[in-house]
Amino acid sequence: MSRSTSRTILIAAVAAGLAAGMSTAAATPGAAPPTTRQEAYAAAAEEFGVPESVLLGVSYLESRWDTNAGLPSTSAGYGPMHLTDATAANAGGTHHDEGAEDPRGDTARPMLPPVAGESDFSSPSLRTVDVAAELTGVDTATLRSDPVQNIRGGAAVLAGYQRALGVDSDAAGDWYGAVAKYSGAADTGSARTFADEVFKTINEGMSRVTDDGQQVRLPATATTVNASQLGDLGLRRTAADEAECPADLGCEWIPAPYETFGDGDYGNHDKANRPTSQKIDYIIIHDTEGSYQTTLNLVQDPTYVSWQYTLRSADGHIAQHVKAKDVAWQAGNWYINSKSIGLEHEGFAADGAWYTEALYRSSSKLVRYLAGKYGIPLDRQHILGHDNVPGTIPSTVGGMHWDPGPYWDWSHYFDLLRAPFRSTGTPLTGLATIKPDYATNKPAFTGCKTAGQPCEPHGSGTVVLRTEPREDAPLLTDIALHPDGSPGTMHISDHSARGETGQTFAIAERRGEWVAVWYLGQKGWLKKSDAVWSAGFVATPKKGRESVPVYGRAYPEAAAYPEGIAPQAVTPLQYTLATGQKYAVGLVTPSEYYWAVTYDATNHTVVRGQTKYLQIQFGHRVAFVNVDDVDVRLSFM
């Protein structure tokens, strides 16, 4: 079925539902237009016959009632109701240079070349703005940009879904099927998860100030739902039998292939026996930089890459592909891969500037489940973005990926993880944890749509670091990204001089309202208001050492390798950790190398050495130092 045909059928079905039970006429003639966001919800609910609590609940789970300055979400949704328009969201094509990272990151094997998949925008769930335009008579550009009309459009779509189900009721709980349909889900598990989260929000209530200063409130309303309506939507039954996931998330199992394909090669992951064979220390947060379906196509290619889970943005649906016990090829660093679980979050490659609440909630539930099962601490030393994973050796550092990028809201995410970033010390404790106000912190990034051009202002959890305590001072440099020593830039992908929310750095100096932290061998200055004080440990070179090497992987010493397994080089990165500098310690980790170069998993071996490493927050990415090279101290200045 073509995209235009499927969209026509969807519009016709919803319009027929509306015609059967209501009018799509404009609001009551003579009524004053709404002046606040709260009034806009009330007016749209009355106009289209949608319970106000349902309209507010759906909108909260999509956008938290924000407008996001009219920018699209990472799944092409616009406005408080997340009306989707994949064509408009991706009109500029992709400008996100993800680099030449080898996702496997194992120098014992040939590099996997990058493969770009063409995003599939054919799903009707990616074109709901057309449905809203047909039902309201408002053009799509206005529905994308005008919050009042966007809310009207969402209400009209909801009402159409309700009438198409043949349900005539003003009771909020009888709108369960329409809410599940609004998710855009094609399967029962994800539709149920979305609807359950909406009605949980309705039952518990919510109140917040939106990104454009609007106070919106959803009073707590006890609601009993008619969940049997889910069976009337004609959705595919979720294949969840093998998925490792909380039951209420409705995850499905779509396995990545473990196959041979000639010349002794195989893919697209490695069999293992974790956590018995190796402890799982990390969960890696990725952004797909493509549509959900494109991502599924990639993970089902035996010649390419893999990850454990894919999460869909619009409804938070989760598919699992690789068991947690096995090693996926996902983070560009074999040491990290062998000790981590990778989560890919749907995001288009153009200018998607925000993630839906549905995605954040599903992801946080999954991460809490995995962290509890495998004993992974909920902090930014163990929950890493792909952009925090180090390159393995000097030649790979510059090509490492930078997702999920500066628009991922780490502060909100860790609130949902029930592990919020709070001050745990005083200025005397010597550590600073990055925590700007996401809504008001809007760095002047460039290159989102067009190279060299400013990005649309948007909230961010990223703080830029400068060489001096003043706003016009040059940025720090990252010699791997700028070998000529030139300062970092504000290009969206250039994290040469950026701290991310939740990352903790050792304080080097204070001047007035500014504080300097140690960063890639330099002092990086930020405003004190963009951080909270933290307590902990720091690593500094042992007395008498002018500098110590910094590593991208914690591999064993050569003597630890048994006969038949070539020792992997313990190669320092191109940075300097000099005497007098301090770096926040994240964890102590053993030296390990998972030798897995054949399809026959019985030949796989975990090589363990005597060397121990400390993981430190060295720059935007973490790094490792040999415990014998450093002293560890409490973080007092």
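This report describes selected helices, strands and residues of a predicted model.

**Helix packing.** Helix 3 (residues 52-63) packs against helix 12 (residues 357-374) at an angle of about 70 degrees, and their axes are 4 Å apart. Because an angle of 65 to 115 degrees counts as roughly perpendicular, helix 3 and helix 12 are described as roughly perpendicular to each other. On the side of helix 3 the contact is made by Tyr60, Leu61 and Glu62, while helix 12 contributes Glu357, Ala358 and Arg361. Sorted by class, the contact of helix 3 with helix 12 has three nonpolar and three charged residues, and no polar ones.

Five strands, in the order 20-19-18-15-21, form an open sheet with antiparallel pairing. Strand 20 (522-527) and strand 21 (531-534) each have a single partner strand, so that one side of each, at the edges, is left without a neighbour in the sheet. From one strand to the next, the twist averages 45 degrees. Within this part of the model, strand 18 (residues 504-511) and strand 19 (residues 514-519) run antiparallel and are joined by four bridges, with isoleucine 507 standing opposite valine 517 in strand 19.

**Strands 26 and 27.** Strand 26 (residues 605-617) and strand 27 are likewise antiparallel, here with five bridges between them, and a hairpin of four residues connects strand 26 to strand 27. Leucine 614 stands opposite valine 625 in strand 27. Strand 27 (residues 622-626) is mostly covered, since five of its five residues are buried. In a regular strand the side chains alternate between the two faces of the sheet. For strand 27 both faces are covered, with Val622, Phe624 and Asn626 buried on one side and Ala623 and Val625 buried on the other.

| Residue | Relative accessibility | Class |
|---|---|---|
| Serine 411 | 14% | buried |
| Lysine 449 | 24% | partly exposed |

Serine 411 lies in helix 14 (residues 410-416), and, leaving aside residues up to four places away in sequence, serine 411 touches Phe421, Lys435 and Thr501. Lysine 449, by contrast, is placed in the loop between strand 15 (431-434) and strand 16 (462-464). Lysine 449 is 27 residues from leucine 476 in sequence, and the C-alpha to C-alpha separation of lysine 449 and leucine 476 in space is 25 Å.

Definitions and conventions:
Residues are numbered from 1 along each chain as its sequence is written. This is a predicted model: local features need pLDDT of at least 70, side-chain atom pairs count only at pLDDT 80 or more; totals for chains, interfaces and linings use all residues. Side-chain values use heavy atoms; hydrogens and water are left out. Helices (H or I, at least four residues) and strands (E, at least two) are DSSP runs, numbered from the N terminus. Buried means under 20% relative accessible area, exposed over 50%, partly exposed in between (1.4 Å probe, protein chains only). Axes are lines fitted to C-alpha atoms, for helices over the stretch in contact, and angles run from 0 to 180 degrees between N-to-C directions. Angles under 35 degrees count as roughly parallel, over 145 as roughly antiparallel, 65 to 115 as roughly perpendicular and the rest as oblique. Contact means heavy atoms within 4.5 Å. Ala, Val, Leu, Ile, Met, Phe, Trp, Tyr, Cys and Pro count as nonpolar, Asp, Glu, Lys and Arg as charged, and the others, Gly among them, as polar. Two strands pair if DSSP finds at least two bridges between them.
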